[in-house]
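This report goes through a structure part by part. Have the sequence and the 3D view open while reading.

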Amino acid sequence: MKRFEHTNATSVAEAVRLLAAQNARALAGGTDLLGIMKEELLPTERVVNLKTIPGLDAIKEESGELRIGALARLADLAASALVAQKAPALAQAAAAVASPQIRTMGTLGGNLAQKVRCWYYRDPDRADCYKRGGSFCYAVFGASDLHALFDGAACFAVQPSDTAVALSALGASLVVAGPAGQRVVGVDDFFIGPDVDYLRETALKPDELIVEVRIPASALGQKSVFLKAAPRRSIDFARGSVAALVLGSPVQRARLSLGAVAPTPKRASAAEAFLAGKKLQADVIAQAATLATAGAKPLAGNAYKVQLIQGLVRQALTRLAA
Amino acid sequence: MPEMNDPGAPQDALEPRSGAQPADALSRRRLVVGGLAAVGAAAVAAGTLGRAASAVAAQQPLSDRVVVADPTLCVGCLACEVNCSAWHASVGRSALPRIRVLSTPQVALRKEVAAYLPARAGYSPATRRQCATPWCLPNCPTTGLRIDPQTGNRYIAEADCIACGKCEVDCPVEWQGTLARKAQPISSKRVVYDPAANVYTKCDLCIGRAGGPICVERCPVNVAIKAGYVTSDTLCLDLKQSTEAQWKRLV
């Protein structure tokens, strides 16, 4: 690891100012950043410690919304009775992240802002990968087991965050702080695909940080679920995941978001539209599961994700029907 | 985005500010002034500016190169579109892709590529033409539309484009269909307006880039073919000699 300056921020404004320096990185739990620094995937000259900013880890209901500070630890989210009652999909997603050690250190903001886990991106010998500033994607003709079924564009790495998928289904928005103040961004707009910029996964600018996540009143207390499939249940990134929110029976509105199959959380729009006005019966659920993967274009190694996602959607909707 | 411009590429010479027309570039103004004299009195005597414009357009040298696509080799990875946008943005030009990949389910993949990626059929890269007769050129009221005197490359010097849209009017080639990118519909001429930059764009064959068109260079199928990984006697995207007969075939 190369030498770097370590600075403790005491306020959001100070953190924003410190992040304006060249190659400055925000540090929360550090479970992703330290690996990136060790692997020298991103040049890092200054680390801005956000953990010293007071009040950014609150989990509270306010103005009808569930508001969660970006520094709330994943373990706290998973254990929160308020989150479990108001937004069960988020509690389940937080509990599904990695291992107890990582959940104890890792924060919600960090989980949303993490870099991709593509094995070519993380391979020190693949410096010509697009995300490393290069000009090639090895996954197109290479080993593509981990890669995108949807929306690949030059780069086929998938968004690895579990909580992002749950927040997408819950229709959450993020409060982002920067030099011009704060702005609110919907989760589905926060994540950007490689067609927009293959070097970034989110709309965060280098001198911006997430300060809060807001789940709208319309989703609170409603039926929602998060399911994840991974080779090792005890600690692994998703090979596929599903978060679903269903309002009413018959369904008034459904939101289905898929994880680990696209560069962003992928809304299953065709399935959502199909479910509107229907009861969650076996045939409806089966058809929605099929529609969830409409438009999937597998590479050589990831066709298994089509069946995986369909199975997860069936399970998720069956649970919500109960 | 990384800096993808090639060091030493003469960008300033390619895109001067308005009024700083390079001496050797063929602009509409020079063509109308000089062209009318050369094409001549006959057109003026006939009294139809339309004929004069036609004569100006018909008089232009052919572009020596054009990007040609083979849809049977395209796997819809969008590397061409993404790199086109990124490179043009990196040199200060409009970030709109000059090449678009259309969703064309009827197109089958050649077996050499399908052996690796059987599910990735049904795409057609739609390139822009270097028209044998550039109808856009005489319509341009500024020095925006140009023809490179060495290569015949038809390009837009965006610094001189006033976004009047006259180049679009007579453009004979259209994009119609559904984009592979997020299944968005597309219906436009191949000279396209970019509202973000307030200019019109078209394929400029990556003029100023030492390696030539970036779409050809970065296409992973091309890379696989050149590396011998995929056997094919043609490339997915190729830079071919431009002839009038070939242009008519492509249209």
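## Chain B in outline

What percentage of the 251 residues in chain B do buried residues make up? The share is 45%, where a residue is buried if 20 or more other C-beta atoms lie within 10 Å of its own, exposed if 12 or fewer, and partly exposed in between, with C-beta atoms placed from the backbone.

This is a predicted model, in which local features need pLDDT of at least 70 and side-chain atom pairs count only at pLDDT 80 or more, while totals for chains, interfaces and linings use all residues. Residues are numbered from 1 along each chain as its sequence is written, and chains are lettered from A and ligands numbered from 1 in the order in which they are written.

Chain B has 11 helices and 11 strands; helices (H or I, at least four residues) and strands (E, at least two) are DSSP runs, numbered from the N terminus. Of the contacts in chain B between residues at least 6 apart in sequence, 70% join residues at least 24 apart. Two residues are in contact if their C-beta atoms, placed from the backbone, lie within 7 Å.

## Where the chains meet

## Helix 1 of chain A

Helix 1 of chain A spans residues 12-19, and its buried residues are Ala15(A), Val16(A), Leu18(A) and Leu19(A). These lie on the same side of the helix, because they cover an arc of only 165 degrees around the axis; the arc is that of the directions from the helix axis to the C-beta atoms. The cover over the buried residues of helix 1 of chain A includes strand 1 (5-8), strand 2 (24-27), strand 3 (46-49), strand 6 (173-178) and strand 8 (209-215) of chain A.

Two packed helices are described by the angle between their axes and the distance between the axes. Axes are lines fitted to C-alpha atoms, for helices over the stretch in contact, and angles run from 0 to 180 degrees between N-to-C directions. Angles under 35 degrees count as roughly parallel, over 145 as roughly antiparallel, 65 to 115 as roughly perpendicular and the rest as oblique.

The axes of helix 11 (residues 282-292) and helix 12 (residues 304-321) of chain A come within 8 Å and cross at roughly 140 degrees, which makes helix 11 of chain A oblique to helix 12 of chain A. Their contact consists of 9 nonpolar, 3 polar and 1 charged residues.

For helix 5 (residues 88-96) and helix 8 of chain A, the axes come within 8 Å and cross at roughly 170 degrees. These two helices are therefore roughly antiparallel to each other. By class, their contact has 9 nonpolar, 1 polar and 1 charged residues.

Lys228(A) is in strand 9 (residues 223-229) of chain A. Is Lys228(A) buried or exposed? Lys228(A) is buried, because 24 other C-beta atoms lie within 10 Å. Not counting residues up to four places away in sequence, Lys228(A) touches Ala96(A), Asp162(A), Ala238(A) and Ser241(A).

Arg132(A) is in the loop between helix 7 (108-113) and helix 8 (162-169) of chain A. Arg132(A) counts as buried, with 20 C-beta neighbours inside 10 Å. Leaving aside neighbours within four places in sequence, Arg132(A) is in contact with Leu41(A), Tyr121(A) and Ala127(A).

Definitions and conventions. Nonpolar A, V, L, I, M, F, W, Y, C, P; charged D, E, K, R; others polar.
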